[in-house]
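Hi,

Here is the structure I said I would pass on. Have a look at it first, and my notes on helix packing and aromatic rings follow below.

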Amino acid sequence: MDAHFDNPELRDISSSHFDILELLFGKLTECRRSSLKRCKERSLQEAFKILKERVRLESLERLQLLSLVKLLVAVQMEAVNIPVLCRKLDQMVQFIGEMNSDIVYEEIQLHINTLMHSDQIMSIGDLQLVSMFLESSTLGQGILRRESHSVLAKVAEVFVSSQEEDVLRNETLCYQAVKVCLQIFQILPKEVSSMVFGTEQSNPVLTSILGFLMDIILGWSINKDTRLLAGTAVAMLINTAPEEKVGRMAAWSLLQFTRPGDPYLEPWKLTLGELQVQCHCRTKDRLERLALSRGLLTACRKDILAYDLDHNRTCLLLDMFPVVSAICEESLEDHYYAFQVFTLWLKCLKECQPSILEMSSVPLLGQDSSLQHQVIEIIWKNAESPIEGITDSARNALCLFLEIYELDCQHHGDVERVLYLEMLHRTIELPWETKAKYLFLCVLLPYFGSEVVLKSYNEFPAHLLKCLSTNQLSSCASEFYKLLIQELRKELCKKQTSPPSEFELASIWSKYWQATLLEALTSDVKLLQTNAVSHLLPWTLRTFPSAPMMLLDFLDPTSQGHLKAWTCIMSTHRATCGESSWISEESHAFRTLQNALTCHDDDVRLAAFNVLCCSSKSKEMPNALEFSAMRKYIPLNLNSEAPPFRQQFYSAVKKFLCRVRDTCLAKVLKTKSKMGFSLEDENTLCKGVEFVDWVAELAFHYLNPGSKYQRKKTVLLLLSAVLETCSDTWSPEKKKGQPPANISSLITWARSKGRWDFFSKSKQLAVISCLEDMTNELS
């Protein structure tokens, strides 16, 4: 690889008149050498931008262009396990190919020929390269299409080698070989179809591969993921069938092996097109049924699953249900995957339902249908499974089941739909501490409406408060509340001929929920209060923007408990609606806010800071009162001994700084094109830049050796907020919170005014001094 970077041709380019290529190669070098994926992506994006906008490909000689292509393909081959990078590199290779396709084709052909015509059995790295060329290289895929038989033959060699070394087999190698098979079946279906279904004589290579895949499924491999992937690969092989009938015959042959019963003791013959292989179970764990069923439901074409072969009013998908049901009953060790198979079956049934309804005049899920009863019982038995993720999957299964039932009723003219009411009553009867109760109610709500559900479940407001006091239930109960009030608003708007006002809508909401929300917001139970602020308030205010008026009227801001509720409502209202209720220092709202900012309770002060700092718009410049309040109250909150307070205080100030930064940056970028600043823009920029400088200077001022430990901890966080917000830094480990890419424009303007000198020698020494005293853990 290093040879590509030290190529004499490239040195000739950079030393003559193609200096820009040196920058391009530097970015590609960064991509290659960086250990972090996000750094690789960024380097590659910059390299592609340089290639498209600044490199004149037509001026490069053939050898120079070849060196560039070699470099790109080499980087692509090193990034085989990062598909997003491989695809971006393929775009770059194609871009060069538009100028000279022969060079690009020859280079990729050379690498593929090396893989295909080697006497050595493919390694994991070789298989990964084939996988990459199939998935992320347009030219590579085209070449492998023509070499499909050779590729399959090389993969078969891997399986043969693995089987010969049964005791020492490499499970990772086996998994990668199965993955390549799956990709070939999926990406090159026409080429594979002719080998499976298009000849009178069985193809020995594919017969061998199918035999190995079945051996893996039936227990030769001990790796569960490999066996599941092999099941999907076999189903994908069936997909290559040119006709539905042929594909269904192949799938039917495979399905017979998944039938409930004792494990097969004798070898069993699988027929798939012209391929025939002997199969027998190597283990009694029943995972083979799970792998094959999951593979068929995941990968098999819907026209094959829903195809009526013998005009017997059934189809492969319905024939699979006894297998799916048995898997859910028996697969305790792999129950998550077992229930996933059940959910996949429902999803396929929904997608295939129109075709199935055409085949039969009998309701699929009629009231006396055994299928309906069995499906409901499977969902219900898994509603409160202790296995992580299954309860949420049960909700999805119920949602799919009710959608299938609804279409079935519509098709057959069933207007009663008694099942809905049965399911609602059964769900309401569950104990309040049952998570599935609220998840299922979310699914049932659209079929009844908020009025019917609340009337049937009048205990929900009380149960909601209990759930908010229990972390594992707060999210699901809050989601039901959210859907309930959204449905309520929808119903209220539909009932009246003229659109009701926001005040009228909020008044009706308050009849149902005002007392409950106020009880939660003013509760002495901190968890209940916190969850109410986090989960209930935002959705209430988004759905009913006038709800704050109903809530604030019942609060007494002179009471500390009510003052916290007041600040939470105000901050949430501002974050969702973007409104400030104070226009002067004499306003009642601002006086109340000042009381909150000087309250002895940390939580109240933090909530008050959030009122000042948050906004629904990132480019809303704080007003004069907000700037003044921040300058006054930030210094009063530097000595807290509580780490949670310091962290939340830092987060609030950072929000404020982001608003200032984004507003100022927008002004700089806007006025750049106008060749000058208006007086208003100049004033806005000066206020914002000066405030950021003030926060930084405050932090540096208290970093002197005589400052208290707690204060140093706090001001270092404030300094971090300034540097993370208003300096041109990029942290690859962070997915969010990065400064804008064009922040340098604002920094340049600020420094032209003598501001934002965050990295002077004296300031660096102030930070370093923290490492030299008793507070060295501050770093």
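Helices α28 and α29 run roughly antiparallel to each other, because their axes cross at roughly 150° and anything over 145 degrees counts as roughly antiparallel. One thing to keep in mind throughout: this is a predicted model. α28 covers residues 502-521 and α29 covers residues 526-543, and the two axes come within 9 Å. The crossing of α28 past α29 is left-handed. On the α28 side the contact uses Trp 509, Leu 517, Ala 520 and Leu 521. α29 answers with Leu 528, Gln 529, Ala 532, Val 533, Leu 536, Leu 537 and Thr 540. Sorted by class, that contact has nine nonpolar and two polar residues, with no charged ones.

Next, α20 (residues 335-359) and α22 (residues 390-412). Their axes are 10 Å apart and the packing angle is about 20°. With an angle under 35 degrees, the pair is therefore roughly parallel. This is a left-handed crossing too, with α20 passing α22. The contact of α20 with α22 divides into 12 nonpolar, six polar and four charged residues.

Then there is α16 (residues 287-299) with α19 (residues 321-330), whose axes come within 10 Å and cross at roughly 135°. That angle makes α16 oblique to α19. Here as well, α16 passes α19 in a left-handed crossing. Arg 289, Leu 290, Ser 293 and Leu 297 are the α16 residues in the contact, and they meet Val 323, Val 324, Ala 326, Ile 327 and Glu 330 of α19. By class, the contact of α16 with α19 comes out as six nonpolar, one polar and two charged residues.

Now the rings. I get 22 aromatic pairs in the structure. One aromatic cluster is formed by Tyr 438, Tyr 457, Phe 460, Phe 480, Tyr 481 and Trp 513.

Arg 711 has its charged end over the ring of Tyr 702, at 4.4 Å from the centre.

That's what I have so far.

Cheers

Technical notes:
Residues numbered from 1 in each chain as written. Predicted model: local features only at pLDDT ≥ 70, side-chain atom pairs only at ≥ 80, totals over all residues. Heavy atoms only, no water. Axes fitted to C-alpha atoms, helices over the stretch in contact; angles between N-to-C directions. Helix = DSSP H or I, 4+ residues; strand = E, 2+ residues; numbered from the N terminus. Parallel < 35°, antiparallel > 145°, perpendicular 65-115°, else oblique. Left-handed = near helix turned anticlockwise from the far one by under 90°. Contact = heavy atoms within 4.5 Å. Nonpolar A, V, L, I, M, F, W, Y, C, P; charged D, E, K, R; others polar. Phe/Tyr/Trp six-rings, centres within 6.5 Å; stacked < 30°, edge-to-face > 60°. Lys NZ or Arg CZ within 6 Å of the ring centre and 35° of its normal.
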